[in-house]
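Please look through the sequence and the model below before reading on. The paragraphs that follow lead from an open space in the protein to a single residue.

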Amino acid sequence: MNGNSIRPLSFPPRGCDPAVALEEVDRYLASDYCYNGGRIFNSICSQPLATGVTAFVRAIASNLADPRIFPGSAALEQVVILWIGSLLGAPMVSGNLVSGGTEANLLAMLAACARHKTRYGVQKQRLQIVAPVSVHYSFDKVAAVLGVEMVRSGLDEHYRADVADLASKINKRTIAVVATAGTSELGAIDDIESISQLAAQHGIHCHVDAATGGFIIPFARHLGHFLSAFDFTLPHVDSMTVDPHKYGLAPIPAGCILFRSHEERGSLNFPSHYVGAPAHTTFSGTRTGAAAAAVAAVIRQLGRDGFAALTRELFHKRDYLVSRLEQRGWPLLIAPQLSIVAIPCANPEKTLADLQDLGWIVSLSKRNRAIRLVIHHHIDKASINAFVEAFSTTAQPVGESSNARAPHLGQ
Ligand SMILES: *Cc1c(COP(=O)(O)O)cnc(C)c1O
């Protein structure tokens, strides 16, 4: 909302009936879209699994900043961290449930900064994080908070990191390299094996941002899809971000920061000023134990089998969308690796607005002049059919407008 559109509202002077309060809230919520309507093609989050919502509500008062009051919730957080760590090849994992991928990325870079200082001492020059241009924009926030510079490298023809270009940007000031397992823009998976080896050669921290891919790739691999190693099974991956509130089907807020072990987390530890309160390893202080209860319940209910079945369905839907688009003559920007499908078209901004007028929510990749679609569990074949019809009557192929431009690979 921009400043000009703010109309002052005064704090309610008198209370009211709970039913009235809820009615007023409902009046606002009525204009929210509902995932289950199948018209949301831009969201990396979806309707959480019902069991997760039940568990969340049961733990609604729980605060993980005070494990003396909530030891059960704290134990559940630990269980969840160990489960996800084992899924990603780190039996000695050290981590936390946090507000989301942004905070997880911040914590990883905070640890990398501290490790860099321990190794090389305090430096006068500005430190830097090196990552491909496809890195999530949360790193701009992270770099701003830490006062470090974001240095970006280019991509290869598959929209993955150009590893040689990444290597050329690393120097003494580099605290970390970041690779992405499932870029937000296109779902591309960087060559994490090569990038982690590169980081090890330079003695710097290697972080893998698997916020989106973390709850897809392990199960897709289990199903036999050929996707390269991306996790702690690679010996030089130091930390990972995974978001249970995306493809983990848990309610928001549930992000997850994982370090291979205590050693990679380093000195990331903030003692409190109160006697008896434990030190914090997260950025947020008060944080909900409901997330731990919810993530635990969802993972326990689904298990690896359940997530694999959901991933199989997800890929079926994606392939169905791709084939329907191809039938209608729409070439894709790249063959999708995960759940994101990008369709180059003339004037994607106008297409996005026209589709929204028709009740379809999509996003666009500005860099690549393409409409960007995210397949998630709330989408089904009927909604795909209806969407492809709407899209085909709304969008125009590249070349039918002077706005069309070649795909953008570099910086
Ligand atoms: C979603 C996402 C983030 C940010 O996570 P939030 O939960 O929105 O804070 C970071 N990186 C990637 C790759 C993501 O997909």
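From which domains does the lining of the largest pocket draw at least three residues each? The lining draws on domain 1 (51-300) and domain 2 (304-394), the bounds of which come from an automatic or database domain assignment. This is a predicted model, in which local features need pLDDT of at least 70 and side-chain atom pairs count only at pLDDT 80 or more, while totals for chains, interfaces and linings use all residues. Residues are numbered from 1 along each chain as its sequence is written, and side-chain values use heavy atoms, with hydrogens and water left out.

The largest pocket has a volume of about 690 Å³. A pocket here is an open set of points on a 1 Å grid over the protein atoms alone, where a 1.4 Å probe fits, with protein on both sides within 12 Å along at least five of seven lines; lining residues have an atom within 4 Å of a point. The volume is the space filled by probe spheres set on the points, which are joined across faces, edges and corners. Of the 32 lining residues, His136, Tyr137, Ser184, Glu185 and Arg372 are the closest to the centre of this pocket.

Now turn to His207, which is found in strand β5 (residues 205-210), where a strand is a DSSP run of E with at least two residues, numbered from the N terminus. His207 counts as buried because its relative accessible area is 0%, and buried means under 20% (1.4 Å probe, protein chains only). Leaving aside neighbours within four places in sequence, His207 is in contact (heavy atoms within 4.5 Å) with residues including Asn105, Phe139 and Thr241.

Methods: Helix = DSSP H or I, 4+ residues; strand = E, 2+ residues; numbered from the N terminus. Buried < 20%, exposed > 50% of the residue type's maximum accessible area, 1.4 Å probe, protein only.
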